[in-house]
Structures are given as structure tokens and as C-alpha cells.
Amino acid sequence: MGPGVDLAMLTPDGVSLAGRLWQPEGQGPWPVLLMRQPYGLAIASTVTYAHPSWYARAGFLVVVQDVRGRGASAGDFGGFRQEGPDGAAAVRWARHLPGSNGRVGTYGFSYQGLTQLLNDGDGTALPDALVPAMCGLDERRHWASEGGAHWWSLGLGWALQLAAESCRRRQDRSGWLEIRRSLESGAYLREGLSLLERHDADGMGLDWLRRDPERAATWEQHPVNPELLRRPMLLVGGWHDPQLRGVLDLYRQALAGGGQPQLCIGAWSHLDWQGGIDALQLDFFRRHLQASQPRPAPSHGPLAGAAAAAGSGAEPATTPGPAATAGPSAALTLAPAVPANGAARLALQCIRTGTWQAITGQSVSWQSQAPLPDAIATQGWALSSAGLAGIRSDEGRLLATAEDQGHGQGQSQGRVTLVHDPWRPTPSRGGHLGPEPGLVQRQDLDRRSEVACFSSAALGVPLRLLGEPRLRLVAWADQPGFDLWACLSVLSQDGAVQQLCTGGLRLRGPRALAPLERQLSLQPLDATLQPGEHLRLSLAPAAWPAFAVNPGDGSIPTGGVGPQHRVITIELDLDGSRFWLDPLLGAN
């Protein structure tokens with residue numbers, strides 16, 4: 001297998017897009033796998049996927065294409081807005097490559113995931129099967145912010161990566177080096193906006209950071225052709241990935257539109273997939289694209305085009321951890337195949353044990369009838385403290401309430417005061433938005449006096465947490481702006497605190513001063529606690545650098561602390577407070 005053959009595609013408006021083709025040995029025809037990305041085609045997303053030659057050896061023509069204005073492709077880079085027409089043209093072009101059998105599958109994650117969905121065509125311009133990973137359609141909620149706050153370190157880092165590519169293309173060596181040095185030193189957290197203004201003033205990343213996350217109407221939400229959502233689709237997400245909600249929204253949207261998508265969520269971050277999904281993805285494309293599989297018919301009804309989702313193959317046993325993928329013939333042990341009846345199929349990995357579980361059905365929650373091995377949390381919890389939850393990490397309590405999703409009356413009581421000192425803002429760690437995402441230990445953070453901790457009694461039986469954790473309580477501040485950052489953890493008998501997931505909420509303006517009910521969502525998760533362990537919820541007034549530090553004056557935060565940042569006193573009224581889990585795939 002050689003290094004690939006360079007080739008070019010001419011768009012309808014006359015722009016040449018660069019690509020590279022890997023071809024199997026022997027005689028075709030073969031199906032085509034297409035990836036469209038903005039980082040230089042030689043990389044081919046090998047940070048998470050096997051090299052394209054691996055798929056070529058399995059009997060696929062593989063094409064990696066630089067999107068417009070990136071890598072070796074001509075034109076000006078316009079971000080997501082350019083991908084609709086270019087994506088449709090690329091699929092049509094790929095169908096007619098020499099050696100193609102006329103079937104096209106698309107794959108890729110993040111930007112490469114969304115390029116599969118932004119397709120302005122129909123019929124033969126749409127892929128016959130697609131595997132979008134770690135992406136979403138809502139630029140505000142799935143790419144740039146949550147809880148009313150920008151993704152700070154993550155958003156800046158990605159925007160500067162795109163800016164550096166712009167510098168490279170125009171041969172601005174000094175600009176490229178300035179960005180690189182800032183990223184390596186960490187100085188980008190403070191000077192990132194000015195770097196973007198100098199080197200990529202019209203870039204998508206800077207545009208996001210300038211927009212108000214609370215004004216949803218000013219942000220782009222990309223539509224998807226309903227026919228595309230009914231094509232065979234495997235959606236891939238990670239519990240520690242910031243775009244997980246985007247993947248879950250796509251799954252719901254595909255189901256609502258008559259599609260039969262597969263969904264696989266691993267204990268992965270955006271870049272660490274612990275062995276990858278290549279064997280799973282290869283099996284998916286083999287079933288839907290190779291010669292023995294009929295090509296999907298054009299869509300004429302709610303289930304048309306999804307017939308190819310019917311496969312054979314029995315459900316494999318639950319296995320610990322991701323499977324090794326030695327080559328194209330590796331056994332499929334990562335996640336189950338789509339069953340012969342075409343029903344939706346999910347595979348979820350516990351973030352603590354690494355075990356996988358297959359689930360049949362369209363709703364995954366404690367309410368579903370799907371067979372689940374562990375008891376899933378059906379109750380909510382109330383928060384209680386005598387006022388010292390921020391001084392003593394063992395003082396605050398999570399008190400179990402009735403089996404009502406946490407909306408009933410419990411024993412919540414007390415009031416806790418937290419003081420945010422901008423000189424020493426609470427640091428973020430792990431989670432899904434930090435530079436080192438995933439499970440981390442946080443007992444030192446819980447000992448900080450501005451962090452309020454609420455712990456359950458020791459569990460008597462295993463408890464499975466599956467869904468989206470949510471918190472409701474009354475909170476206000478003495479300044480017209482404050483943040484509330486929540487962390488869900490497991491407290492072990494030896495005092496260790498393992499952080500499972502995080503989430504944040506930002507308040508700005510006069511409403512921050514009023515004692516109003518607030519609601520905060522944490523990253524969805526699948527985690528099982530064992531007898532003797534405690535569930536803990538921690539609340540802090542900052543999460544630097546995942547979020548920029550709130551100055552407390554009502555303005556949009558734009559970096560770290562400065563002399564204008566105010567000390568903020570936050571009051572938490574625990575009466576009526578509730579913490580619970582919403583169904584993983586229930587309605588938002």
C-alpha cells in the first residue's frame with residue numbers, strides 16, 4: 001500500500017479542492033470512504049483513527065480532502081457556512097472516481113463530523129452511510145459555550161489553531177510562531193483574543209468569542225436534510241467530550257425523522273479514544289457499502305433509506321474496555337452491530353469500569369424497559385447544610401428524596417455563603433472542557449473554603465448514574481455577575497474524591513442580584529458507584545481556565561483576572577433545592 005495519490009476536485013464555482021486517494025490492491029469496484037477536514041490531508045485525523053491505508057486494505061477507496069481554504073485547497077476559508085455546497089459536490093464527485101462501485105460513506109470527528117451533515121444536495125449528493133463523531137449542529141451549544149459562558153481555554157485553543165493555519169497559508173512565519181509560543185506557554189489564555197484580532201480577524205473562532213452566549217437567536221443552528229438523517233448512520237460520542245450533547249441531539253433528531261441510527265458513547269475525551277473505533281466503523285461500512293449490501297433506495301417515506309440498517313450478526317457479550325484492532329479482520333467486540341430487525345441500537349461504556357453494554361430501544365433512562373444490569377438512580381437528592389459546607393467538605397449533605405426524578409419535597413434546608421476572591425479563582429480540572437479532560441482526583445479542590453460540598457450517605461447497594469445531572473436551587477450575589485460551577489464526584493471510604501463530570505452556569509446583569517431559582521446542567525454520564533462509596537456534589541464560584549473569570553460587573557468575561565475584577569459574595573438558599581438525573585435520551 002503506497003502513500004496515496006494526490007488528486008483534485010473542481011467545485012461548481014471553480015475552486016480546486018485538494019485530496020489524496022488510497023486504493024486497495026487487486027480489482028474493484030470498491031466503495032468510497034470520504035473525509036473532509038481543515039487540518040491538512042496528510043494528517044487524515046490519525047490522532048483518533050487508523051490511517052486511511054488500513055481501510056484501503058479492507059477493500060475501500062479512501063479519499064481525504066482539504067476543505068476550501070485549508071491545506072492545499074484553493075479558495076478562502078469561510079468555516080461551516082462553506083461546507084453545504086462543497087460537501088454535496090464532493091459526494092457526487094466521489095461516486096464517479098475510477099474504481100468506485102458508486103457507493104459513498106463519510107467519516108470523521110469534530111469539524112470532519114459536521115462536514116458530513118452540512119450537505120446542500122439530495123439523492124446522489126448525499127452519502128449512503130455516514131459516521132459523524134463528536135460534533136453538533138448548534139454553534140452556540142455544541143461548539144462554543146454552555147450555561148451562558150464561553151468555552152474559554154478550549155475555544156481559544158481551537159480558534160488559534162485555525163488562525164495558525166491561516167498564517168501558514170499566507171507565509172506569515174512570525175505570526176505562526178507568535179501563536180505557537182503563546183499556546184505552549186499558556187499565555188494564550190490572556191492574550192488569545194488580541195492574537196486572533198491580529199491574525200484571524202474574520203475567523204469563525206473569534207466570531208464565536210465575540211458573541212453573547214445568552215442571545216441564542218444571534219447564533220447559527222445548522223439544518224440537516226431529513227433524507228440524510230434517514231440514511232444508515234453511526235453516531236460516536238465521548239462522556240468527556242464537549243460535543244456530547246450535540247451527538248445526543250443528532251440521535252434524537254434522526255429518530256424523530258424516521259431514521260434508525262446507531263449510537264456509541266465511550267469513556268473518551270475529544271482526542272483520546274483509548275484504542276479507537278476503527279473495527280466498529282469498518283464493520284458498519286462493510287454492511288452498508290460493500291457489494292453484498294443493496295444500495296439504499298431514494299427516500300420517499302419516514303423509513304425509506306434506512307433499510308440498509310438491517311444487518312445480521314448476533315449481539316456480542318458485554319466486554320471490558322475497548323478492543324484492540326490489529327487489522328481489518330479484527331473481531332467486533334467494541335459495540336454491537338445493528339440487529340436484523342433494524343431497531344435502534346446503543347452501546348454505552350461505563351466511565352469507571354470501562355465495561356460496555358448494549359441497549360435496545362429509543363429511550364435510555366431509569367424509565368425505559370431496556371434490560372439494565374445495575375439499579376439506576378431513580379430518586380433525586382436534596383441539599384442540606386448548617387452553613388459550613390464551604391468550610392468543611394464533610395458537612396454538607398445530599399439527602400435522597402422520593403422516586404420522582406427529584407421534583408418532590410425533601411429535606412433540603414440551610415443557607416451557604418461563598419466568597420469568590422478573584423486573586424485566587426477556583427481552578428478547573430478534568431471534566432470535558434479542560435486541557436486535560438477525564439476523570440481526576442479533586443479532594444484538594446474540595447478543601448478550598450469557596451467550594452461547598454454536599455455528600456450522600458454511604459451506599460448500601462450499587463448505584464448506576466445514567467443521564468444528564470441537573471441542579472435546581474435559589475442563588476444570588478452582591479454583584480451584577482457571578483458563576484456557579486458544579487462537579488459530581490465519588491467519595492471513597494479512604495477519603496479520595498474522583499470527579500465524574502462537571503457543568504457551569506453564568507449570571508450577568510441585574511438578575512444576578514435577585515434571589516431567584518437557578519437551574520444548572522452537568523455533562524451527561526454513565527457511571528456506577530459501589531457499596532460503601534458516597535456521591536458528592538461540589539459547587540464553586542469559578543472554573544479557570546475552562547471558563548473566563550467573571551469580573552462581577554455584568555460584562556461578558558474575556559480572560560483571566562485583572563484589577564477590575566470584584567470580590568463576589570454568593571448566597572445559596574438550599575430550601576427547595578434539588579439534584580437529579582434527566583433521562584439520557586429524553587426530551588430536553
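How does α6 pass α7, in a left-handed or a right-handed crossing? The second view below has the reply, and every view shows a predicted model.

**View 1. Helices α5 and α6 pack side by side at an angle of about 155°.** Helices (H or I, at least four residues) and strands (E, at least two) are DSSP runs, numbered from the N terminus. The axes of α5 and α6 are 8 Å apart; axes here are lines fitted to C-alpha atoms, for helices over the stretch in contact, and angles run from 0 to 180 degrees between N-to-C directions. The angle makes α5 roughly antiparallel to α6 (angles under 35 degrees count as roughly parallel, over 145 as roughly antiparallel, 65 to 115 as roughly perpendicular and the rest as oblique). Look for Gly157, Leu160, Ala163, Ala164, Cys167 and Arg168 in α5, which meet Gly175, Trp176, Ile179 and Leu183 in α6; contact means heavy atoms within 4.5 Å. By class, this contact has 7 nonpolar, 2 polar and 1 charged residues, where Ala, Val, Leu, Ile, Met, Phe, Trp, Tyr, Cys and Pro count as nonpolar, Asp, Glu, Lys and Arg as charged, and the others, Gly among them, as polar.

**View 2. Helix α6 passes α7 in a left-handed crossing.** A crossing is left-handed if the near helix is turned anticlockwise from the far one by less than a right angle, and right-handed if clockwise. The two axes come within 10 Å and cross at roughly 165°, and α6 and α7 are therefore roughly antiparallel to each other. On the α6 side you will find Gly175, Glu178, Ile179, Ser182 and Leu183, and these meet Tyr188, Glu191, Leu195, Arg198 and His199 in α7. The classes here are 4 nonpolar, 3 polar and 3 charged residues.

**View 3. Helix α5 also meets α7 (residues 188-199), with axes that cross at roughly 35°.** Their axes come within 10 Å, and α5 passes α7 in a left-handed crossing. Among the α5 residues at this contact are Trp152, Leu156 and Leu160, while α7 brings residues including Tyr188, Leu193 and His199. This contact has 11 nonpolar, 4 polar and no charged residues.

**View 4. The largest pocket has a volume of about 1200 Å³.** Rolling a probe the size of a water molecule over the atoms shows where empty space is left. On a 1 Å grid over the protein atoms alone, a cavity is a set of points where a 1.4 Å probe fits but cannot get out, and a pocket is an open set with protein on both sides within 12 Å along at least five of seven lines; lining residues have an atom within 4 Å of a point. Grid points are joined across faces, edges and corners, and a volume is the space filled by probe spheres set on the points. This pocket is lined by 38 residues, and nearest its centre lie Gly157, Trp158, Gln161, His270 and Leu271. The elements that give two or more residues to the lining are α5 (152-169) and α6 (173-185), and α5 gives the most, with 11 residues. By class, the lining divides into 21 nonpolar, 14 polar and 3 charged residues.

**View 5. The second largest pocket holds about 620 Å³ of space.** Of its 30 lining residues, Arg141, Gly147, Arg245, Glu468 and Ser521 are the closest to its centre. Elements that each supply at least two lining residues include α10 (244-256), β18 (463-477) and β20 (497-508). The lining has 10 nonpolar, 8 polar and 12 charged residues.

**Notes for every view.** Residues are numbered from 1 along each chain as its sequence is written, and side-chain values use heavy atoms, with hydrogens and water left out. In this predicted model, local features need pLDDT of at least 70 and side-chain atom pairs count only at pLDDT 80 or more, while totals for chains, interfaces and linings use all residues.
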